[in-house]
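Hello,

Here is the structure we talked about passing on. Please have a look, then read my notes below.

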Amino acid sequence: MTAVRDLTVAEVRLTPILVADPPLLNTQGVHQPYTPRLIVEVVTADGTTGVGETYGDTKYLELARPFATRLVGRSVDDLNGLFAVADEVAVDASRTSGQVDVGGLRGVQTADKLRLSVVSAFEVACLDALGKALGLPVHALLGGKVRDAVEYSAYLFYKWADHPEGVVCEKDDWGAALDPAGVVEQARRFTERYGFTSFKLKGGVYPPDEEIAAVRALAEAFPGRPLRLDPNGAWSVETSVRVADALADVLEYLEDPALGTPAMAEVAARTSVPLATNMCVTTFAEIKEAFTRDAVQVVLSDHHYWGGLRNTRELAAICRTFGVGVSMHSNTHLGISLAAMTHVASTVPNLHHACDSHYPWQSEDVLTERLTFENGSVRVSDAPGLGVELDRARLALLHERWLADDGSLHDRDDEAAMRVADPAWSTPSVPRW
Ligand SMILES: O=C([O-])C(=O)C[C@H](O)[C@@H](O)C(=O)[O-]
Ligand SMILES: [Mg+2]
């Protein structure tokens, strides 16, 4: 007789941590030396533990705590029920903003989106637990993989060699990248270390002509390779069209050149370069206007804020229906999320672009074994659940760091980090150029 499993959630553990982050530049400022993440563990009555990961800023933590309490007593296979649980969690009005360019550069900050960013970690943890209980990989729970490996692109950043003097940080060995030669050198290291064959440059940092020169230098150094440029909405429509024209022969797509659907639609109407976004289509509610106006040709999904792996598949199905491409966006994340991204990406038939991932920038992780890239791809695990194992000692150490912090690093703030180097700095108003 087979044993009957008890999939009831008996305990939920939330562990906020701070992970080292290099001084990566974007249009709002620079990354802080440590970034907050939240690790979620869901433990079933029969002792199976599932793990998930999401943003660790205060606004997510204050939703995750009541969510965790409500989860106890429910079953890890009640994935649809997670959304009902989320609806019960109140979001303070001060946490929401209709702005597309809020911190973190991932589009509007509505109450629903904040909730979904928390749901996603619990959904992944439940899927991991369920997979372990059933002896099935997460991709099988999503309907099965259609590829054995998922391709990622090199996520290039303008970067200082070090965080400002006097700032407590972990050293990295990437060096500075502040001009076209530095960007090409960084790209070379990405190819040597991980075998990536496509490249995305985070732009909006320097005047557009300097970023055009950097992409041109990449095109020369890596002929024929897919290239992308993402200034996070820092440009006007005119500037966007000018950059698109200047790079039309080498860009796979231009990502969020201008801010918001109306501006993106104007740019799209005036260029043949496909436009991608992780800023103007970040919720299901934003799809209709963007697709109707043909404002974007590729949606960069992110299971964290779209509400999990199953919602990511729903988004992909909508994109497929409308002939819009789909790929994946990334903020700073660890191996649990990379595993989750890889599982869901392996099940999406219409994923035709290499996905973004910050993972190579993260020297620290909470896993016993880091995930690896081979020829720019991550192999899809067939082990039960996500196929990762938590390193409790590492987790405790990174949590200690979070506990020891005075609160100044508990919320991502690229503007504040830049002010340490440049006291006069404030996030530039948009369009910046
Ligand atoms: O593709 C994007 O827009 C991002 O990944 C946004 C991020 O916030 C990125 O710019 C960063 O981490 O600086
Ligand atoms: Mg982007």
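This is a predicted model: local features need pLDDT of at least 70, side-chain atom pairs count only at pLDDT 80 or more; totals for chains, interfaces and linings use all residues.

The ligand shell. Ligand 1 is surrounded by Leu24, Asn26, Gly104, Leu105, Lys202, Asp230, Asn232, Asn278, His329, Ser330, Asn331 and Thr332. By type, that shell has eight polar residues, two nonpolar and two charged.

The two domains. The protein is divided into domain 1 and domain 2. Their C-alpha centres lie 22 Å apart. Domain 1 puts 43 residues into the contact, and domain 2 puts in 53. On the domain 1 side, at least two residues each come from strand 1 (9-20), strand 2 (25-26), strand 4 (34-44), strand 5 (49-55), helix 3 (111-134), helix 4 (138-141) and helix 13 (392-404). Helix 3 gives the largest share of that side, with nine residues. What is the make-up of the side of domain 1 that touches domain 2? It divides into 23 nonpolar, 11 polar and nine charged residues.

The whole protein. There are 14 helices and 14 strands. The radius of gyration is 21 Å, close to the 22 Å that the globule rule gives for 433 residues, so the protein is as compact as a globular protein of that length. The C-alpha trace spans about 70 × 50 × 45 Å along its principal axes. Buried residues make up 53% of the 433. Of the contacts between residues at least 6 apart in sequence, 74% join residues at least 24 apart.

Best wishes

Key:
Residues are numbered from 1 along each chain as its sequence is written. Chains are lettered from A and ligands numbered from 1 in the order in which they are written. Domain bounds come from an automatic or database domain assignment. Two residues are in contact if their C-beta atoms, placed from the backbone, lie within 7 Å. Helices (H or I, at least four residues) and strands (E, at least two) are DSSP runs, numbered from the N terminus. Ala, Val, Leu, Ile, Met, Phe, Trp, Tyr, Cys and Pro count as nonpolar, Asp, Glu, Lys and Arg as charged, and the others, Gly among them, as polar. A residue is near a molecule or strand if its C-beta atom, placed from the backbone, lies within 6 Å of it. The radius of gyration is taken over C-alpha atoms; the globule rule is 2.2 Å times the number of residues to the power 0.38. A residue is buried if 20 or more other C-beta atoms lie within 10 Å of its own, exposed if 12 or fewer, and partly exposed in between; C-beta atoms are placed from the backbone.
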